[in-house]
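Hi everyone, thanks for having me. Please get the picture ready on your screens, and we'll walk through it together.

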Amino acid sequence: MKVAIYANHRPKTRTVVNKLKHLLKNRNISVITQGRPDVVISVGGDGTILSAFHQFFPYLNHVRFVGVHTGHLGFYTDYREYEMKELVDSLSINSGETVSYPILKIEAYKKNTVHPFMVYHALNESTIRRVVSTFTCNVFIKGNFFEKFRGDGLCISTPSGSTAYNKSLGGAVIHPTVQALQLTEIASLNNSIFRTIGSPMVLSPQEWVEIHLRDPNDIYVSVDNMTMHNTGVTRIKYQISSQKIHFAKYRHMHFWDRVGNSFIYQKKSHED
Ligand code: NAD
């Protein structure tokens with residue numbers, strides 16, 4: 001088995017990585033810095049997994065991810081920094097079991113072109129926004145005109161990204177194995193003249209969303225933790241990808257426990 005370690009630069013993380021490398025060496029598990037790994041261990045937080053996903057995207061179909069969190073509890077991280085021995089024990093058994101989550105495919109087009117000039121994939125979400133003046137676009141769903149949107153922007157998220165930016169926008173929390181994408185509004189303008197649906201929408205994997213912009217100037221397009229500005233994009237197509245991200249299932253916390261622990265803090269028993 002070949003393991004790659006992807007870590008952030010925090011001093012605490014460096015200590016964890018050194019310990020991990022030592023334990024892996026004792027078990028004769030090779031750590032590689034180039035080429036295709038079988039397992040990627042991300043050490044840091046959710047942001048570190050997002051970066052690891054983009055770094056190892058070319059190997060997505062082959063690789064299994066494992067997350068170690070050195071900060072507060074994460075959504076993509078299953079091990080705490082003091083559980084490195086348990087993690088390496090699990091790797092040695094190597095059951096190969098995985099849990100897979102849908103990801104989002106993003107195709108950006110320039111005016112009057114049929115081929116995308118940018119193709120990206122997101123693990124959490126993609127947003128399209130304008131900061132200074134009102135963002136205006138036409139929203140199409142599965143090729144049909146749906147609405148004219150005016151506001152700050154739109155967010156299109158994956159099920160596993162539903163607990164991230166999407167949730168802050170009032171979107172629904174979706175179990176990460178459900179094949180769906182969610183469209184949420186960022187500060188839509190709604191008054192007697194302008195009208196949008198005003199609520200989050202969950203789309204099936206057979207559907208896609210297209211955003212058509214009238215003015216490509218001053219547009220920000222984000223893909224997870226990256227943001228691009230003024231790319232000249234006039235049309236973006238969002239769809240659930242045929243590819244998925246695979247996490248090693250050595251240990252996998254019950255999703256709704258994770259949601260409860262992260263957002264409700266003081267968990268109540270059902271008898272209270
Ligand atoms: P960051 O470190 O500022 O992360 C923001 C927070 O989002 C962190 O607490 C992180 O743990 C959490 N997070 C990330 N993915 C999550 C997920 N799937 N479920 C629940 N929480 C999650 O920034 P970053 O590390 O660069 O991460 C980028 C992500 O930050 C984006 O993908 C977006 O989802 C999120 N974000 C959120 C808001 C918001 O809620 N208002 C605004 C911008 C970005």
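I'll take you through a few places in this structure, one at a time.

Before we start, please keep in mind that this is a predicted model, where local features need pLDDT of at least 70, side-chain atom pairs count only at pLDDT 80 or more, and totals for chains, interfaces and linings use all residues. Residues are numbered from 1 along each chain as its sequence is written, and side-chain values use heavy atoms, with hydrogens and water left out.

Let's begin with strand β3, residues 39–44. How many of the residues of β3 are buried? The count is 6 of 6. Buried here means under 20% relative accessible area, exposed means over 50%, and partly exposed is in between, using a 1.4 Å probe and protein chains only. Val39, Ile41 and Val43 point one way from β3, while Val40, Ser42 and Gly44 point the other way.

Now look at the neighbours of β3. Two strands pair if DSSP finds at least two bridges between them. Strand β1, residues 2–7, pairs with β3 in the parallel sense over 5 bridges, and Ala7 has Val43 as its bridge partner in β3. Strand β4, residues 64–69, also runs parallel to β3, joined by 6 bridges. There, Ser42 finds its bridge partner in Gly67 of β4. Together, β3, helix α2 (residues 46–55) and β4 form a right-handed β-α-β unit. Right-handed means that, with the strands pointing away from the viewer, the path from the first strand over the helix to the second runs clockwise.

Next, the nonpolar cores. A core is a set of buried Ala, Val, Leu, Ile, Met, Phe, Trp, Tyr and Cys residues joined through side-chain atoms within 4.5 Å. The largest has 28 residues, and Ile128, Phe135, Leu154, Ile211 and Tyr238 touch the most other members. Strand β9, residues 135–141, gives the most to this core, with 4 residues. Another core, of 20 residues, lies apart from it, and its members include Ile5, Ile41, Val43 and Val88.

On to the cysteines. A disulfide is a covalent bond between the sulfur atoms of two cysteines. With the cut-off for that sulfur pair set at within 2.5 Å, a search of the whole structure finds 0 disulfides.

Last stop: Ser162, in the loop between β10 (144–157) and α4 (165–168). Is Ser162 buried or exposed? Ser162 counts as buried, because its relative accessibility is 0%. A polar atom of its side chain lies 2.9 Å from the backbone nitrogen of Ile174. Ala172 sits in the loop between α4 and β11 (181–188) and is partly exposed, with a relative accessible area of 37%. Ala172 and Ser162 are 10 residues apart in sequence and 6.7 Å apart in space, C-alpha to C-alpha. Leaving out residues up to four places away in sequence, Ala172 touches Ser162, Asn166 and Gln182, where a contact is heavy atoms within 4.5 Å.

Key. Helix = DSSP H or I, 4+ residues; strand = E, 2+ residues; numbered from the N terminus. Polar contact = N/O pair within 3.5 Å; in protein donor to acceptor, adjacent residues only side chain to side chain.
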